[in-house]
Amino acid sequence: MMTKMFYVPQTNLLGIGCLNDLGAQVAELGYKKALVVSDKYLNSTGIVKRVTNQLEEQNIDFILFAEVKPNPTCALVNKGLEILQEEKCDFIVSIGGGSPQDCASAISILATNGGDIREYEGVNISKKPGLPTVAVNTTAGTSAELTINYVITDEDRDVKMVMVDKNSVATISVNDPELMVDKPSALTAATGMDALTHAIEAIVTPGAYPVTDAMALEGVKIIFENLPKVVENGHDIEAREQMVYAIFLTGMAFSNAGLGYVHAMAHQLGGMYDLPHGVCNAMLLPIVERKNAPYAPKKFRMIAEKIGFEAEGKSDEACSNFVLEKIEKLSEAVGIPKSLEELGVENPDLDKLAENSLKDICAPGNPFMPTKEQTIEMFKAIV
């Protein structure tokens, strides 16, 4: 039997008000100057300031790089790295959802390993641990603050590169629901469905094992119970805290078990058309999992039972249909678009999308490997 490896940040702050403990935790690390990686929106709302106040209270210097955009590119990574080197920063503080976290991970790896970020596409390519990173999450979804995965868009190829790298895991992760209460409902819905996709894919992937199954299944249950609440009322702090626990559980699950073909396809939509990752995942999730269900019947039975289905004596098909219907109803309830046309994409290049999906690093994590024709068929379902 192959040894199972489990990676997670060495320190993880969770729950309402946990940001207030960050300064003391960072001070213990003994670093002198941070590159703070975020975006203009979070800087304008004062969230970045709430985090940098923690550094100032400990007399820790920092320089701000708040230029990250959704689906960060190689050029953005290089710009952040240049600032880090010029300012002689010895650690990174990332603030935001998946995009700032992924950008920070890439900068971290290049700071210690050198080269071009394109050279690190794949699994555990880097040789040295990245620069220490303190990852402060502001969305309940991507889990990028705690996983060994990061994604960077190669703007020359219109491809999202996926890096699975144990050397990129953060030193400290922070998940304080108070940083999430003012997020728009559409963003809350998209990131929440991203987390559900992480959970479902982590369960059905051949790389799953009992530890990751337990985490992902509990995450599924919490998301179904709480995502509609936080979409309806972003200031429901108790439901927001439950979503924090869900993304932590699902993040640990998929980081150590792997993902599948939903992500393989969603990455291409993001890379070619700059679409929001969580929305792409949500649109594709029931379509891909309907194809996966016959290949992982025990897993769909487990999911069905976890979310309230009386599975005893029922067929595998009944179990999977229950799960798929619940996913579709949740997507509809939280306002996920149903087609690429709604997102402004007409006549997508299905051939190129399918070819790149087959090459994506997440594709082998699926219960079966679709053909190019099957992939095009699945893309057509959301055109």
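1. Val-211 has a relative accessible area of 42% and is therefore classed as partly exposed, a value that should be read with the reminder that this is a predicted model. In the chain, Val-211 belongs to helix α7, which covers residues 210-232.

2. Helix α5, made up of the 16 residues 98-113, reaches 22 Å from its first C-alpha to its last, which is close to the 22 Å expected at 1.5 Å a residue. Because 13 of the 16 residues of α5 are buried, the helix is largely enclosed by the rest of the structure. After α5 comes Gly-114, and the phi of this glycine is positive, near 75°.

3. Three aromatic pairs are found in the structure. One of them is formed by Phe-309 and Phe-322, whose rings are stacked, with 4.7 Å from centre to centre and 25° between the planes. This pair links distant parts of the chain, since Phe-309 lies in the loop between α11 (297-306) and α12 (316-333), whereas Phe-322 lies in helix α12, and the two are 13 residues apart. Phe-309 has a relative accessibility of 17% and so counts as buried, the cut-off for that class being under 20%.

4. A further aromatic ring to inspect is that of Phe-224, over whose face Lys-326 lies, at 5.5 Å from the ring centre.

Note on methods
Residues numbered from 1 in each chain as written. Predicted model: local features only at pLDDT ≥ 70, side-chain atom pairs only at ≥ 80, totals over all residues. Heavy atoms only, no water. Phe/Tyr/Trp six-rings, centres within 6.5 Å; stacked < 30°, edge-to-face > 60°. Helix = DSSP H or I, 4+ residues; strand = E, 2+ residues; numbered from the N terminus. Buried < 20%, exposed > 50% of the residue type's maximum accessible area, 1.4 Å probe, protein only. Lys NZ or Arg CZ within 6 Å of the ring centre and 35° of its normal. Expected span 1.5 Å × (residues − 1).
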